[in-house]
Amino acid sequence: MPKKEYINIIHKLAEKNFFPGTSGNISVRINKRQIKITQTHIFKDTLTVNDFATVSINNKKIDVNSKMRPSSETRMHIEIYRSRPDISVIIHAHPIYTTYFAVSNILPDVSILPETEKQIGKLSMVNYYPSGSEKLAIAAGKASIGSNALILRNHGAVTMGSTFEDTAIIMEMLEYLCNISYIKLLTDTLASLKNNNSED
Ligand SMILES: [Zn+2]
């Protein structure tokens, strides 16, 4: 069962509007065969330890071992756990600036800030496939090999790690990087417009 400290981390991300509406989902690997994942259609700012469904990761079909309906993105979490035996936590969120880059199909440059580069590592863009589809699950699973941070095109973000803290930090730093990158994009555009005008 996810611990109370983990719930506090999810509430903190929810307060930052990383999960607009009831969007986003969080999972934790509890053993080699099972994960706990947030149930579908639930607000993350009031999430409790009882809002997680148990799901098998070994079978092709999703076995639900509780009365709760797991997140519609469960297949994506399972494919990532299969691809990454080293990780134990996955957070899928829709933070505003990261989602801006997802809809613009621009991969931010993590190296503009040494701090974000150190904490995020390699950042990958996943092609657009409908939310909850097997194609999205497979594409995210492949992209997760060697990358703890994914931007899902026209959708949102996924981060993963061996602990809740690490996974949440990567998500926060990704959104911070995207916020700074967005401002830089605006100021660079303004500067180039100014330069073009002065050349006329
Ligand atoms: Zn989503």
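Biologist: How many of the 5 residues of strand S1 are buried?

Modeller: A residue is buried if 20 or more other C-beta atoms lie within 10 Å of its own, exposed if 12 or fewer, and partly exposed in between, with C-beta atoms placed from the backbone. Strand S1 is mostly covered, with 4 of its 5 residues buried. This is a predicted model, in which local features need pLDDT of at least 70 and side-chain atom pairs count only at pLDDT 80 or more, while totals for chains, interfaces and linings use all residues. Residues are numbered from 1 along each chain as its sequence is written.

Biologist: What counts as a helix or a strand?

Modeller: Both are DSSP runs numbered from the N terminus: helices are H or I runs of at least four residues, strands are E runs of at least two.

Biologist: In what order do the 7 strands of the open sheet lie?

Modeller: Strands of a sheet pair through backbone hydrogen bonds, either parallel or antiparallel. Here two strands are taken to pair if DSSP finds at least two bridges between them. The order is S3-S2-S1-S4-S7-S6-S5, and the pairing is mixed. At the edges are S3 (52-56) and S5 (123-126), each pairing on one side only. Ignoring direction, neighbouring strands of this sheet are turned by 20° against each other on average.

Biologist: Which residues of S2 stand opposite Arg29 and Ser27?

Modeller: Arg29 stands opposite Ile35, and Ser27 stands opposite Ile37. S1 and S2 run antiparallel, joined by 3 bridges, and a hairpin of 4 residues connects them.

Biologist: Which strands does helix H2 lie across?

Modeller: Axes are lines fitted to C-alpha atoms, for helices over the stretch in contact, and angles run from 0 to 180 degrees between N-to-C directions. H2 (residues 74-83) lies across S1, S2, S3, S4 and S7, and runs at about 145° to S2.

Biologist: Which residues of H3 are buried?

Modeller: In H3 (residues 96-104) they are Thr98, Thr99, Phe101 and Ala102. Their arc of only 155° around the axis places them on the same side of H3. Asn105 follows H3 with a positive phi, near 55°.

Biologist: Which residues have the most contacts inside the largest nonpolar core?

Modeller: A nonpolar core is a set of buried Ala, Val, Leu, Ile, Met, Phe, Trp, Tyr and Cys residues joined through C-beta atoms within 7 Å. The largest has 49 residues, and those with the most contacts inside it are Ala140, Leu150, Met171 and Leu174. Helix H6 (residues 164-199) gives the most to this core, with 8 residues. Leu150 also stands opposite Val158 in S7.

Methods. The arc is that of the directions from the helix axis to the C-beta atoms. Two residues are in contact if their C-beta atoms, placed from the backbone, lie within 7 Å.
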